[in-house]
Amino acid sequence: MALTSKTVAQLAQVRRYLASQAAAAHGEGKAGRTWKILSFTVAIPGVCVCMLNAWLKKHHEHETPEFKAYKHLRIRTKPFPWGDGNHTFIHNPHANPLPTGYEETGRKH
């Protein structure tokens, strides 16, 4: 199906109309300026505060909570297919206890 010159002209006219309506709905270009101001006054300082918070908290040592052997947690019906079969794929010895309790701190996995 070939487009005639009349159809192409009508499509161009519709496109211009929709573009003008979209610009009018957004305050004629003021939306970009608003987002630029918000980026520099809210987003960038917010990211900086979050980075500062993470940097200050990384040196804070946490105590390991007391291990409680609940029957409904850490159920192993079959071993995991990696490592020794008892550690999860993203195992953290400081935060994730094994079914028997927390590991020693000097042990690496």
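Here is a friendly, numbered note on the structure above.

1. A word on the ground rules. This is a predicted model, in which local features need pLDDT of at least 70 and side-chain atom pairs count only at pLDDT 80 or more, while totals for chains, interfaces and linings use all residues. Residues are numbered from 1 along each chain as its sequence is written, and side-chain values use heavy atoms, with hydrogens and water left out.

2. Start with the overall fold. The protein has 2 helices and 0 strands; helices (H or I, at least four residues) and strands (E, at least two) are DSSP runs, numbered from the N terminus. Among contacts with a separation of 6 or more, 28% join residues 24 or more positions apart, where contact means heavy atoms within 4.5 Å.

3. Of the 109 residues, 6% are buried (buried means under 20% relative accessible area, exposed over 50%, partly exposed in between).

4. Next, find Leu3. Leucine 3 sits in the segment before α1 (5-25), and its relative accessible area of 55% makes it exposed. Together with Val8 and Leu11, Leu3 makes a nonpolar surface patch of about 290 Å². Patch residues have over 30% relative accessible area and no salt bridge; like charges are joined within 9 Å, and nonpolar side chains (Val, Leu, Ile, Met, Phe, Trp, Tyr) within 5 Å. A salt bridge is a side-chain nitrogen of Lys or Arg within 4 Å of a carboxyl oxygen of Asp or Glu.

5. Rings of Phe, Tyr and Trp (its six-membered ring) pair if their centres lie within 6.5 Å; planes under 30 degrees apart count as stacked, over 60 as edge-to-face and the rest as tilted. By this rule there are 3 aromatic pairs. Phenylalanine 67 and tyrosine 102 are edge-to-face, because their ring centres are 6.2 Å apart and their planes stand at 80°. This pair links distant parts of the chain, 35 residues apart, with both residues in the segment after α2 (30-57). Phenylalanine 67 is partly exposed at 24%, and tyrosine 102 is partly exposed at 25%.

6. Finally, which residues form one aromatic cluster? They are Phe80, Trp82 and Phe89. The rings of tryptophan 82 and phenylalanine 89 have centres 5.2 Å apart and planes at 75°, so they are edge-to-face. Tryptophan 82 is partly exposed at 33% relative accessibility, whereas phenylalanine 89 is exposed at 65%.

Conventions: Accessible areas come from the Shrake-Rupley method with a 1.4 Å probe; for residues, only the protein chains shown count as cover. Buried means under 20% relative accessible area, exposed over 50%, partly exposed in between (1.4 Å probe, protein chains only).
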